[in-house]
Structure formats: structure tokens, C-alpha cells
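Hi everyone, thanks for making time this morning. I'd like to walk you through one structure, so let me put it up on the screen.

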Amino acid sequence: MGMIALDCDDCFAIWRGQARTLLGHGIDPAEVTWTQGPIDDLLALPIPLPQGPGPFRARVPAALLAQLEQAARYRGEQRWNLLYEVLWRVAHGDRTAMLAGDRLGSELQRRVKQVSREAHHLHAFVRFVPLPAALAEQLQLDLVAYHEPAHDILESASEHFADRLGRQRWLIATPHDGIRFDGQAFDYQRLCPEAWRQWARNADDPSAELWLTYYRHTFNPARLNPDALRLHMPGRFWRHLPEGMLIPHLEGLARQGKQRDGQALEVANQRGKRISKG
């Protein structure tokens, strides 16, 4: 049994070209797989992708292409196969594949939402560190940050910071990719240069201690909800946030009875009249 095995290098533009060719030649989703290694099915013999456009001309709604491009940023199993299955069904007149009530559509919409949520996490949890003047001049950078997104959202979601930071020069490095802004234009690297990672991970934040002091004093144990905290601030981000190392300790204090005080320990120990409850 032959199967077309493709590698799109996790790039939507490459996948889109491959999918267009497959559709044109009427290649069913069951006859193609995207992989970065050997085909899992040892009985499947790889066959080449047909050359040139095929006879079938698909009409695909623009809304679907936007959803596919968004879902393509999701890192997970069947990343590209699922997109082609949806595309195949819609191209052949079955638009329910785009909808949440459908098996494929439900997974497509779930991935779109996860990618959107990860972009929000980038905006909420990136912490830029200002570089000392001499180093900033040497590197031609004002701010650096390190982040570990779960999906490939860095390039698409980083324009937000250009709008917020104006002409400041900044860099965000991740374990996979990186992006740099010189005040006017972006430089996106799908493989983050090691130097970028070093700059971002080793930068010392001169205001970190002041922020930690503020965070400790304003922490309200009476309002602590650990499940809600982890929902809105997943633990995987804590090690890259200045306050991240404080959270487990502050949670522990809350469990030990500080919720009764309704205030941070440092505040509760201040001199003054204590009002009893009840």
C-alpha cells in the first residue's frame, strides 16, 4: 500500500502549497501523511508527491484559510494531517468540518482557541529586562526577555509589543525561535540564535528586588484560589517571572492560616489596632 509522506518543516506556507497540489490531484487524506521522520506504518511504501497542478479546482472560504493558519501554530500530534482532512472535506462541499459540532471541526476550533490563549500568555507573562547603557549600545538592544510558549505564536503575536513599546529595541528568545525589533522592523528567526538566548536568559533585572518587595506586601492570602491562579498563570511560566519563586511560599503561608488575617504577613505584623471578626 503506497502513501505520500511529506515534511513541511512545520511551515504553513510550505504545507499550503503541498495541500493545494494534493487537492488538485484528488489525493484522499488517507493516502498522505506529514512526518519529520520515517512513516509509522512499516507496510506503507512512500510514493512521490504529484508534480504540477491537478485537474480539480477547489473553492475554499477565506475564513477557513484563516482558521487553518491559526491552528497550524498548534504543536501536537497529527498537526498537519488534521488540517488537510478539514480542507479536503470543505473543498468537497462539506462545510460542517469547520464547525464545533463536528468531530474534526471540534478539534480544529479547540486548537484555534489554544493558540489564541497562548498568544495571550505571551502578552501577559513576558518580562522585559532593561540592559545597562553600555551593553545596550553594544548589542543595539534596550530590552530582552525569555519565554517558553507551548505553541508557535511568537512571530504572529509579537507585533503587540512594537505597538506598546514604540521605538524601543527589544528581543524575545524562546527554546525554538526568536524575534528582534530594532525600533522599525522585525527580525524573526525560526531557529533562535544561541547568542540571543544567552542575552535573554542572563540579563539581570535592576528593579527585580523592588518588584518582589511590592508583590510580597500586596499579596492577599484571603483571596487566594490556587486552581484559579494556575488557570490564569500556568506553573510553566513561574520560573521566568520574578514573582514566580515567591508563589509556592506565599501559598504555603496561606494554607498555614494566613488566610485568616486577610493580608500579607508583613502587613499583619505592622503596629496598629487589630479589629476582631464577629
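Let's begin in the loop between helix 2 (62–71) and helix 3, where Gln 78 sits. Keep in mind that this is a predicted model. Gln 78 has a positive phi of about 55°, although it is not a glycine. Most residues other than glycine have a negative phi.

Gln 140, in the loop between helix 5 (133–139) and strand 5 (143–146), has a positive phi of about 60°. Gln 140 is partly exposed as well, with a relative accessible area of 38%.

Now on to helix 3 itself, residues 79–91, which packs with helix 4, residues 103–125. The angle is about 125° and the axes are 10 Å apart, so the two helices are oblique to each other. Helix 3 passes helix 4 in a left-handed crossing.

Who touches whom? On the helix 3 side you'll find Arg 79, Leu 82, Leu 83, Glu 85, Val 86 and Arg 89, and they meet Arg 103, Leu 104, Glu 107, Leu 108 and Arg 111 of helix 4. By class, that contact has 5 nonpolar and 6 charged residues, with no polar ones.

Finally, a word on confidence. The chain has a mean pLDDT of 82, with 69% of its residues at 70 or more. Over residues 258–264, pLDDT stays under 50.

Note on methods:
Residues are numbered from 1 along each chain as its sequence is written. This is a predicted model: local features need pLDDT of at least 70, side-chain atom pairs count only at pLDDT 80 or more; totals for chains, interfaces and linings use all residues. Side-chain values use heavy atoms; hydrogens and water are left out. Axes are lines fitted to C-alpha atoms, for helices over the stretch in contact, and angles run from 0 to 180 degrees between N-to-C directions. Helices (H or I, at least four residues) and strands (E, at least two) are DSSP runs, numbered from the N terminus. Angles under 35 degrees count as roughly parallel, over 145 as roughly antiparallel, 65 to 115 as roughly perpendicular and the rest as oblique. A crossing is left-handed if the near helix is turned anticlockwise from the far one by less than a right angle, and right-handed if clockwise. Contact means heavy atoms within 4.5 Å. Ala, Val, Leu, Ile, Met, Phe, Trp, Tyr, Cys and Pro count as nonpolar, Asp, Glu, Lys and Arg as charged, and the others, Gly among them, as polar. pLDDT is the predictor's confidence in each residue, from 0 to 100. Buried means under 20% relative accessible area, exposed over 50%, partly exposed in between (1.4 Å probe, protein chains only).
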